[in-house]
Structures are given as C-alpha cells and as structure tokens.
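Hi,

Here is the structure I said I would pass on.

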Amino acid sequence: MSFRTLALLAAASSALCGTAQAQTAEPWHAPVAGDWIVTGRLTNVSSGTEAGIRTAAGAASGLSVDVGDSTMPTLGFTYFLTDHWAIEGILGTTRHEIRAQGGTTDVAVHETWVLPPVVTVQYRPMSGGQVSPYVGAGVNAMLFYGGDDRNGFSVDLDDGFGLAAQVGADIGLKGPWSLNLDVKKVWFDTDAQINGGALRSEVDLDPWVISVGLGRRF
C-alpha cells in the first residue's frame, strides 16, 4: 500500500471520528445478540500479483501480469447471532488496471471492475468495554464486469469463488457510533486469456483488503 493511500485512510478516519462524536453525547456499549452494525468504509484492495504469461503451447513468454491497487468506498453489514458470534457481508466494487510486464515491456492490456462480495463468520471474544475486536473466516466471489481492453489487446477473465480470513475491531465513540478497522486476506485464482487464448496466465490474485470506516449500531 502506498504512502498516499495510508495518508488518505488516516485522514478519513479522523474525519469520521469527528463527525460521529459531534452527533451524540451518549456512551457507547458493545453490540449484543440481535444488533446490527452498518459500516461505511474506505477500502484499499492490493493484490501485488505478478503471474507469468505463457503462450497457447505452454511456453514462457517472458512477460508477467501485474494487477494494480484500487481504493474505493464499501459497505459492511454485521448481524450479531449471539454476544460473541456475528456474520458480516460486505458490498463494494473496485477498478483495477492489468499490465503485461517483462524486460523493456510495461503496457496496460485491460481495465476491469470487480464485484467482490465477501461473507464471513466472526468471533468476538469481548462483550464489554470500548473495544470489540474480532477474527473471522468465510467465502468470497470475484465477478469481473465492465472490462475495457487497452492498446490492441483483448483479455478475458474467469469469475469464481475463493476463501477469506479477517481481523479487525470496532472502537466505541459515542452513542451508536464506532470506528472500524478491518483487514481481510482473500485467496482467489483466475485464468486470464489474452488475444483469444494466444497468451494465457493463471493469476493468483490473493489481495489484501484493508479498510477504515464509521459504523452505526441498530
């Protein structure tokens, strides 16, 4: 993640905290069974993959795939089954640039939107205090849409499903408001076909999904 992205997340966190604290003076309490938390987040998705590109015959091309980062707003919906167990679903979409790199080559071949809904089951060991930390695990889908081929290339990406792990915390502010810090690791592989299959790549995306946001309990 770049310094610019970290600064952006930090600034968003400060602004969200100030907004929430200004709206209510009531004390915060940890969520319990039957509660909902709806969280608006600023999310950075960073894959860092550099998968090799091969010809249709399987020979190495000398090129690799690079998938760019993306920072976008997302929404999280968390329902508490008990005081310690919750289920969360996140909604959001990010746009990524795909480049072919190798030797003196560094060219954009495709840009695509990705809809990566993730559902996790969370365990929250603490049911009191101003901090509600959690760990979670679940599944995700990767749905590619709105693709835009670049520089004379055509790229086709396969949708699919993967696994996700999660760690984070809700930090009580005032009343129903809390600051949310969340980190997810997603494991997902896709097959990329370039120029009708003349070139192919098995891409391990495996992105880090790092978020900061403001949550409201209902």
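**E111 and its partners**

The side chains of E111 and R95 are joined by a polar contact of 2.9 Å (a pair of N or O atoms within 3.5 Å; within protein, one must be able to donate a hydrogen and the other to accept it, and residues adjacent in sequence count only if both atoms are side-chain atoms). Before you go further: this is a predicted model, where local features need pLDDT of at least 70 and side-chain atom pairs count only at pLDDT 80 or more, while totals for chains, interfaces and linings use all residues. Residues are numbered from 1 along each chain as its sequence is written, and side-chain values use heavy atoms, with hydrogens and water left out.

Back to E111, which sits in strand β7 (residues 105–115). Helices (H or I, at least four residues) and strands (E, at least two) are DSSP runs, numbered from the N terminus. E111 counts as buried because its relative accessibility is 17% (buried is under 20% relative accessible area, exposed over 50%, partly exposed in between, with a 1.4 Å probe and protein chains only). Its side chain also makes a polar contact of 2.8 Å with the side chain of R150. Leaving aside neighbours within four places in sequence, the residues in contact with E111 include H96, G146 and D148; contact means heavy atoms within 4.5 Å.

**Salt bridges**

Side chains of opposite charge can pair when their charged atoms come close. The whole structure has 10 salt bridges (a side-chain nitrogen of Lys or Arg within 4 Å of a carboxyl oxygen of Asp or Glu). R95 and E111 form one of them, at 2.9 Å from N to O. That pair links strand β6 (residues 94–102), which holds R95, to E111 in β7, 16 residues apart. R95 is partly exposed, since its relative accessible area is 26%. Salt bridges also link R95, E97, R99, D106, E111 and R150 in a network.

Then there is R41, which has a salt bridge to E88 with the closest N and O atoms 2.8 Å apart. Here strand β1 (residues 36–46) provides R41 and strand β5 provides E88, 47 residues apart. R41 counts as buried because its relative accessibility is 6%, and E88 is buried too, with a relative accessible area of 1%. R41 also meets D182 in a salt bridge (4.0 Å, N to O). D182 lies in strand β12 (residues 177–187), 141 residues from R41. Both R41 and D182 are buried.

**Strand β8**

Two strands pair if DSSP finds at least two bridges between them. β8 also runs antiparallel to strand β9 (residues 131–149), joined by 6 bridges, where V135 is the bridge partner of Y123.

**How confident is the model?**

The mean pLDDT (the predictor's confidence in each residue, from 0 to 100) is 87, and 88% of residues reach 70 or more. Confidence is highest in β8, at 97, and lowest in helix α1 (residues 3–23), at a mean of 49. Over residues 19–23 the pLDDT is below 50, and this stretch has 6 contacts in the model beyond near neighbours in sequence.

Cheers
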